[in-house]
Amino acid sequence: MSNAIDAPTRQRIQSWLDGNYDAQTKAAIQALLDANNDTELTDSFYKDLEFGTGGLRGIIGVGSNRMNRYTVGAATQGLANYLNQCFPGQEIKVAIAHDSRNMSPEFARIVADIFSANGIKVFLFKELRPTPELSFAIRHLGCNSGVVITASHNPREYNGYKAYWTDGSQVVAPHDANIVAEVNKIQSVADIHFDGNPALITMIGEEVDAEFLKTIQANSINPAVIKRQHDLKIVFTPIHGTGITLVPKALELLGFTNVHIVQEQATPDGNFPTVVYPNPEEQEAMSIAMQQAKAMDADLVIATDPDADRVGAAVKNQAGEWQLLNGNQMASLIIYYLLQAWKDAGKLQGKEFVAKTIVTTNIIDAMCAAYGVPCYNTLTGFKYIAQVIRELEGKSKFIAGGEESYGYLIGDAVRDKDAIASCAMIAELTAYAKDQGLSLIDFLTQMYQKHGFYYEGLISLTKKGKAGAEEIQKMMADMRSNLPSSVAGSAPIEVLDYKNLTSKNLRTGEVTPIPQGMGIEPSNVIQLILEDGTKVSARPSGTEPKIKFYVSVNTPLDKPEDFDATLDRLKEKVKAIQTDLGLM
């Protein structure tokens, strides 16, 4: 073994070669050794793949820092041990689903076997299914937990493992840290019970699909509008993922009859052969769908990521060119439509609410205020929106929620972002706009005229290594203590520090607590509010050497023809703010 590999890594490699690992794994390690592939060996073994608060995510391959039978096995054994601690003497049930990625079916079966070997009843989807359906199934089947095998929209070489709790949401405190602790206790392959009990594994599929689709149909507010606009021309692409299983069915169930699937991307395929990244936030991933939409003069393009929890949409702009709507725009349009539709249907009774994350556009807050509907702001991550739903269950009705990173939720049957229900709702609101003679861009413009033109910019800075980590700490410290007197001509008036949960009025010096709970807990996030309504948020990544700055600006939009000029001014303002804060 090469001396270019450090001693601890060499020791870990040798332990896999000597240990109770299968012959195929040992042969793959030996092949890397024979090829003198020091770089790959080091990356595969220099550390253990970390089980974080959401689960696992990593490159598929052999080694302690890779997604494989043994790292997935340790995660599952740790979760099984924790479930048996939490629910002693009870019949424990879990649901398991997987996406279209390479090794996803195999990992899902390994997970099922380990849970069943630990005396836990398993409901295993027999074929790939969207993440939101897994969330639904947990509650529908009365499960204590659930797992979905997915790496969301990461590149093709990745896979992952997401853990869920009894309400169908990803695990939150205290369970997240407790599960991590149990997983970290698994120190040997001998600790993992791989030999499953088939008697405890039940295969599920279409029967859960039917119940899940009923909840999506129940979200619909304007079936009469859909009936009139049933031939709305929709182009849909699942980008080789799980969306193909349910999005076409959901649209058909609502009554849409003119849906065109992008055939080049319709077949589930973990190699994602037609895209660089299977991410509907990227123009490249949606280019085939947009070309098809242009050729057939469609009304709407929708695309789901591999596990169908995120959705991207594209529409024709005023110049007749197809463009992507960003996550803030689509979250806003969904809430804008639903608030008005619920009001028109007489469903706003004073006990409804909306939820979003603190870095998502504040036009949603403005719209909710106009309709007298509370809007709860949570930390980044849908598990916090789910926490708000859980805390208000039985007291107040959840309308919808969203986050700027292309995740939306309509209704409370699911407790995670849901691209299936979102595709259905986006189609419905597009039909509603068309019924009024409006394009989706016209509808967006109408929203801005009524509630203000909001524009958001994001800058993500990568700072690698020890020096980078120190620089990120300094940037956060400066946001807390060395505030500028003016940013792009506007004075800061408030600082919200989520690390110590305080809000400081910079005019009076008064400090007030930010209440904990309802999706809020201590987190290293700073928000600066300016006199003109601008919001600047700073948030270091918890998993990457990055710090993200979110800038939100707004101004009135007097008339539709001012759209482009107003947008240009807001973009320039975001650039000026980034320059003043030294972020360019």
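**Cysteines, burial and overall shape**

Modeller: A search of the whole structure finds zero disulfides. This is a predicted model: local features need pLDDT of at least 70, side-chain atom pairs count only at pLDDT 80 or more, and totals for chains, interfaces and linings use all residues. Residues are numbered from 1 along each chain as its sequence is written, and side-chain values use heavy atoms, with hydrogens and water left out.

Colleague: What makes Cys 368 count as buried or exposed?

Modeller: Buried means under 20% relative accessible area, exposed over 50%, partly exposed in between (1.4 Å probe, protein chains only). Cys 368 has 1% relative accessibility, so Cys 368 counts as buried. Across the protein, 56% of the 584 residues count as buried.

Colleague: How do you know whether the radius of gyration agrees with a compact globule?

Modeller: The radius is taken over C-alpha atoms, and the globule rule is 2.2 Å times the number of residues to the power 0.38. For 584 residues a compact globule would come near 25 Å; the protein has 24 Å, which agrees. Its C-alpha atoms fill a box of roughly 75 × 55 × 50 Å along the principal axes.

Colleague: What share of contacts joins residues at least 24 apart?

Modeller: Contact means heavy atoms within 4.5 Å. Among contacts between residues at least 6 apart in sequence, the share is 69%.

Notes: A disulfide is a pair of cysteine sulfur atoms within 2.5 Å.
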